[in-house]
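User: I would like to learn how to read a few features in a protein model. Can you take me through them one at a time?

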Amino acid sequence: MSNSVADNLARVRERVAKACASAGRPESSVTLVAVSKLKPSVLIREAYAAGQRDFGENYAQELRDKAEELKDLDGLRWHAIGSLQTNKVKYVARVAHAFHALERLDVAAELSKRRAGSAPLPCYVELNLGGEDTKHGLTPDALGGFLAQVRELPNLQVVGLMALPPPTDDVARMREGFARLRELASAHALTALSMGTTHDFEQAILEGATAVRVGTAIFGERA
């Protein structure tokens with residue numbers, strides 16, 4: 001079996017299409033974000049040549065450097081998917097198509113300020129559904145108050161929620177976590193859901209994911 005980026009991407013797209021068909025949804029309802037963190041730009045170029053346009057980066061400075069290096073690729077869309085410190089906000093505000101890890105008001109305020117003069121930045125609010133110490137994100141109870149404050153800020157558009165539910169190999173538990181995120185989004189009039197990774201993106205799609213973040217299945221294991 002070939003393991004080129006193009007072949008991997010084709011296999012992932014096929015899995016996305018099957019999951020969408022099972023869920024009775026059009027394939028166009030899911031954005032596949034190829035997570036390229038810690039991977040060289042040459043592999044991003046390979047994926048781009050195979051038709052991929054959405055790429056996810058966890059680290060703001062790596063995002064800044066790759067955006068500069070790959071600025072010749074027309075229509076490439078960068079998704080900032082990692083937690084952010086205020087002193088790194090400028091890199092994300094400048095180049096990101098979307099931010100998937102909003103969880104702090106000071107970061108939101110700085111993003112709003114730095115985004116002035118550009119199109120509003122679509123943001124997903126990150127939740128910590130399992131109360132895990134190792135993960136970022138707001139508790140579900142804090143979501144309503146946070147949304148009310150962020151919605152007052154110009155230059156940002158909260159479009160949905162993001163979460164990494166506690167890892168499990170139990171499909172029913174996987175779907176339970178994703179369903180909970182979907183219900184919370186619906187309760188707060190949000191329509192977009194950034195959820196699902198290489199391990200579980202099909203289950204996320206069955207529960208309504210509109211963006212899945214897939215790295216290993218496309219680019220291989222990270223060192």
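This is a predicted model: local features need pLDDT of at least 70, side-chain atom pairs count only at pLDDT 80 or more; totals for chains, interfaces and linings use all residues.

User: Start with the core. Which residues of the largest nonpolar core touch the most other members?

Analyst: The general idea comes first. In soluble globular proteins, nonpolar side chains tend to be buried together. Here the largest nonpolar core has 69 residues. V92, F99, L102, L111, V125, L161 and I218 touch the most other members.

User: Take L111. What does L111 touch, leaving out residues up to four places away in sequence?

Analyst: The contacts of L111 are V89, V92, A93, F99, L102, L121 and L156.

User: Which residues of helix 5 are buried?

Analyst: Helix 5 spans residues 105–114. Its buried residues are V107, A108, E110, L111 and S112.

User: Now aromatics. How many aromatic pairs does the structure hold?

Analyst: One. F55 and W78 form it, with 6.2 Å centre to centre. To name the geometry, look at the angle between the planes. Under 30 degrees is stacked, over 60 is edge-to-face, and the rest is tilted. This pair has 50 degrees between the planes, and is tilted.

User: Which parts does the pair tie together?

Analyst: F55 lies in strand 2 (residues 54–57) and W78 in strand 3 (residues 77–80), so the pair ties together parts that are 23 residues apart in sequence.

User: Are F55 and W78 buried or exposed?

Analyst: Both are buried.

User: Next, backbone angles. Where does L38 lie, and what is its phi?

Analyst: L38 sits in the loop between strand 1 (31–35) and helix 2 (41–49). Its phi is near 65 degrees, a positive value in a residue other than glycine. L38 is exposed, at a relative accessible area of 53%.

User: What about N155?

Analyst: Phi of N155 is near 75 degrees, again positive in a residue other than glycine. N155 belongs to the loop between helix 6 and strand 6. Buried means under 20% relative accessible area and exposed over 50%. At 22%, N155 therefore counts as partly exposed.

User: Last, the largest pocket. What is its volume, and which residues are closest to its centre?

Analyst: The volume is about 450 Å³. Of the 19 lining residues, K37, N58, I81, L164 and R213 are the closest to the centre. By class, the lining has six nonpolar, eight polar and five charged residues.

How values were computed: Residues are numbered from 1 along each chain as its sequence is written. Side-chain values use heavy atoms; hydrogens and water are left out. Buried means under 20% relative accessible area, exposed over 50%, partly exposed in between (1.4 Å probe, protein chains only). Helices (H or I, at least four residues) and strands (E, at least two) are DSSP runs, numbered from the N terminus. On a 1 Å grid over the protein atoms alone, a cavity is a set of points where a 1.4 Å probe fits but cannot get out, and a pocket is an open set with protein on both sides within 12 Å along at least five of seven lines; lining residues have an atom within 4 Å of a point. Grid points are joined across faces, edges and corners, and a volume is the space filled by probe spheres set on the points. Ala, Val, Leu, Ile, Met, Phe, Trp, Tyr, Cys and Pro count as nonpolar, Asp, Glu, Lys and Arg as charged, and the others, Gly among them, as polar. A nonpolar core is a set of buried Ala, Val, Leu, Ile, Met, Phe, Trp, Tyr and Cys residues joined through side-chain atoms within 4.5 Å. Contact means heavy atoms within 4.5 Å. Rings of Phe, Tyr and Trp (its six-membered ring) pair if their centres lie within 6.5 Å; planes under 30 degrees apart count as stacked, over 60 as edge-to-face and the rest as tilted.
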